Amino acid sequence: MSAEGTPLLPEVLRAYPFSWQAGFEWPVETEESEENLAYARAVLEACLPGEPLDEPMPPEEIRLKDLDEDDWPEWVLLRSVLRDRMPYARDVTVERMAEAEAEWARRGRDTKDFAVRSVRMITAWIAEATLYWCGLIVDDEAALTPWLMELSEQYVLRGMAAEQAAWALHTAWRVPESQAALARLATVEGLPDEIRGIVEGGLERANQEGS
């Protein structure tokens, strides 16, 4: 047990320095150093679920301003409850999760598997932000090869941060390892239409510009 409570995330994620208030996003000016890239890889390895998820995570972002508050999906409200109590990954503890669950219960919401579901969503948002930085911000593709392509393919297959993972592969269309991953994913049955479109778009670009 740490001084601040019993952690629910592995050590590598507890060291994640970017706040939830900023969407767990890596600042675009983050140095593409060997150390930072190694940490990003460790984060993605720690977040990757051991098997495909029953439902995609994280939930698809929506434009809240286009909806009345009464029509907001439940996960939007849950994220607010969790974020207020756990603004950093290091704050994801048994004690703070219990506080969030109690608040969720006070609102008359279903608390079945509350901690498991919440940790999975938090982990997925961290993975999504890290995939975005690696796949769309980092310029040094050689430093990302082949580990980012290997992990991105698995994220798509396991249904966690799948859209961002597909974009990471799409963006690296020049890299043979990315082309191979995209080709394998294109043959997967049951892939969501939006994800399939990103995958096929990457392959099409590779075929057109590589010919």
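Colleague: How many salt bridges does the structure hold?

Modeller: This is a predicted model, and the structure holds six salt bridges.

Colleague: What makes the contact of Glu 74 with Arg 109 a salt bridge?

Modeller: The N to O distance between the two side chains is 3.4 Å. The cut-off is 4 Å between a side-chain nitrogen of Lys or Arg and a carboxyl oxygen of Asp or Glu, so the pair qualifies. The two residues are 35 apart and link distant parts of the chain. Glu 74 belongs to helix α3 (residues 74-85), while Arg 109 is in the loop between α4 (94-106) and α5 (114-137).

Colleague: Why are Glu 74 and Arg 109 called partly exposed?

Modeller: Buried means under 20% and exposed means over 50%, with partly exposed in between. Glu 74 has 36% relative accessibility, so it counts as partly exposed. Arg 109 has 32%, so it counts as partly exposed too.

Colleague: What links Glu 103, Arg 106 and Arg 107?

Modeller: A network of salt bridges links these three residues. The side chains of Glu 103 and Arg 106 meet at 2.9 Å, N to O, and those of Glu 103 and Arg 107 at 2.8 Å. The cut-off is 4 Å, so both pairs count as salt bridges.

Colleague: Why are Glu 103 and Arg 106 said to be separated by about one helical turn?

Modeller: Glu 103 and Arg 106 are three residues apart in helix α4, which puts about one helical turn between them. An α-helix has 3.6 residues a turn, so residues three or four places apart point the same way.

Colleague: How do you know that the buried residues of α9 line one face of the helix?

Modeller: The buried residues of helix α9 (residues 176-186) are Ser 178, Ala 181, Leu 182 and Leu 185. Seen down the axis of α9, these buried residues fall within an arc of 100°, so they line one face. Their cover includes α7 (147-158), α8 (162-171) and α10 (193-209).

Colleague: Which residues make the contact between α2 and α5, and what classes do they belong to?

Modeller: Helix α2 (residues 34-47) packs with α5 at an angle of about 145°, the axes being 9 Å apart. The crossing is left-handed. On the α2 side the contact is made by Asn 36, Leu 37, Ala 40, Val 43, Leu 44 and Cys 47. On the α5 side are Thr 123, Ile 126, Ala 127, Thr 130, Leu 131, Trp 133 and Cys 134. By class, the contact has 10 nonpolar, three polar and no charged residues.

Colleague: Why do Ser 118 and Gln 164 count as buried?

Modeller: Ser 118, in helix α5, has 0% relative accessibility, under the 20% limit, so it counts as buried. Leaving out residues up to four places away in sequence, Ser 118 touches Leu 78, Leu 82 and Met 97. Gln 164, in helix α8, has 13%, also under 20%, and so counts as buried. With that same exclusion of residues up to four places away, Gln 164 touches Glu 128, Leu 131, Tyr 132 and Leu 136.

Colleague: What is omega for the cis peptide bonds at Met 57 to Pro 58 and Thr 145 to Pro 146?

Modeller: For the bond joining Met 57 and Pro 58, omega is about -5°. For the bond from Thr 145 to Pro 146, omega is near 5°. Pro 58 is in the loop between α2 and α3, and Pro 146 is in the loop between α6 (141-144) and α7.

Colleague: What phi values do Asp 113 and Ala 161 have?

Modeller: Asp 113, in the loop between α4 and α5, has a positive phi of about 55° although it is not a glycine. Ala 161, in the loop between α7 and α8, has a positive phi of about 50° and is not a glycine either. Most residues other than glycine have a negative phi, and most peptide bonds are trans. Ala 161 has a relative accessible area of 3%, under 20%, so it is buried.

How values were computed
Residues are numbered from 1 along each chain as its sequence is written. This is a predicted model: local features need pLDDT of at least 70, side-chain atom pairs count only at pLDDT 80 or more; totals for chains, interfaces and linings use all residues. Side-chain values use heavy atoms; hydrogens and water are left out. Buried means under 20% relative accessible area, exposed over 50%, partly exposed in between (1.4 Å probe, protein chains only). Helices (H or I, at least four residues) and strands (E, at least two) are DSSP runs, numbered from the N terminus. The arc is that of the directions from the helix axis to the C-beta atoms. Contact means heavy atoms within 4.5 Å. Axes are lines fitted to C-alpha atoms, for helices over the stretch in contact, and angles run from 0 to 180 degrees between N-to-C directions. A crossing is left-handed if the near helix is turned anticlockwise from the far one by less than a right angle, and right-handed if clockwise. Ala, Val, Leu, Ile, Met, Phe, Trp, Tyr, Cys and Pro count as nonpolar, Asp, Glu, Lys and Arg as charged, and the others, Gly among them, as polar.
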